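Dear colleague,

Please find below the structure that I am handing over to you. I would be grateful if you could look through it before reading the notes that come after it.

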Amino acid sequence: MTSTQQHSAPAITLTIAGSEATGGAGAQADLKTFQQLGTFGIAALTCIVSFDPKQGWDHRFVPVEPQVIADQLEAIQTCYSGQLDTVKLGMMGSPATIDTVATALRSQQWKNVLLDPVLICKGQEPGHALDTDQALKSTLLPVATFVTPNHFEAESLSGITISNVEDLERAARLIHEASGAAVLAKGGIRLAGTDAVDVFYNGTTTEILSTPKIGEVAVSGAGCSLAAAVTAELAKGASPLEAARSAKAFVTAGIEHRMASHAPFDALWQGGISA
């Protein structure tokens with residue numbers, strides 16, 4: 001390409017999420033997903049999470065100071081003013097972080113706000129975690145255009161127990177009614193049966209996304225990567241349903257080509273779709 005030739009710029013995707021040191025989940029998984037799917041990925045870190053191999057691989061959780069989060073977002077939003085309209089919200093970790101992020105979101109218009117509602121991280125003090133969950137529901141859920149709860153989060157947001165696909169469908173409808181957002185409720189391997197099942201609902205269309213289970217144990221980063229893949233596809237112009245379908249295929253391939261380690265869990269590989 002000569003200096004006078006032009007190229008089309010990729011869509012920009014921002015993740016506001018925590019760092020997960022082993023690279024399997026969190027902002028690391030989001031950025032790898034964005035890159036794999038052809039968007040320009042940016043991350044603002046909200047917390048640092050590291051598994052503790054001396055304590056059963058439980059989480060060690062360290063929040064980023066709210067002013068540092070605000071500074072990151074100021075730099076990002078100023079740098080890409082007029083270009084950035086798609087954001088994924090991941091691990092927040094505290095009501096103060098949620099308030100900081102909400103303030104930054106209100107400072108511009110967004111086309112796509114995807115909320116991956118991480119509720120109660122192990123390693124957090126229970127009362128503080130509950131306050132965080134309530135702040136997320138009251139402050140961030142109303143601004144979301146797409147929500148991707150896992151099984152536990154879908155139960156919390158919908159207020160029902162999810163034991164089968166019918167329950168998951170009902171939960172997706174209830175979360176949509178509460179938020180107005182498109183919903184991809186992630187049942188994954190947690191529902192009985194041979195298939196990993198997720199349910200999409202946007203107020204008019206219900207679609208069950210189902211693929212054969214690959215093992216019976218959860219893979220680190222699957223939920224983060226699914227939400228990030230939806231985010232990337234939305235940023236490129238896909239409809240919510242198209243984005244959900246593409247993300248499901250992306251994550252299925254990543255689980256099939258998962259990474260093993262000395263941890264008692266495998267990690268999704270975002271490059272699996274190209275393998």
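The notes below describe the chain as a whole and then one residue.

This is a predicted model, in which local features need pLDDT of at least 70, side-chain atom pairs count only at pLDDT 80 or more, and totals for chains, interfaces and linings use all residues. Residues are numbered from 1 along each chain as its sequence is written, and side-chain values use heavy atoms, with hydrogens and water left out.

The protein chain contains 8 helices and 9 strands (DSSP runs of H or I with at least four residues, and of E with at least two, numbered from the N terminus). Along the principal axes, the C-alpha atoms fill a box of roughly 55 × 45 × 45 Å.

Of the 275 residues, 51% are buried (under 20% relative accessible area; exposed is over 50% and partly exposed in between, with a 1.4 Å probe and protein chains only). Where contacts (heavy atoms within 4.5 Å) link residues at least 6 apart in sequence, 65% join residues at least 24 apart.

One residue deserves a separate note. Trp57 lies in the loop between strand S2 (40-52) and strand S3 (58-63). Although Trp57 is not a glycine, its phi is positive, at about 60°. Trp57 counts as partly exposed because its relative accessibility is 23%.

Yours sincerely
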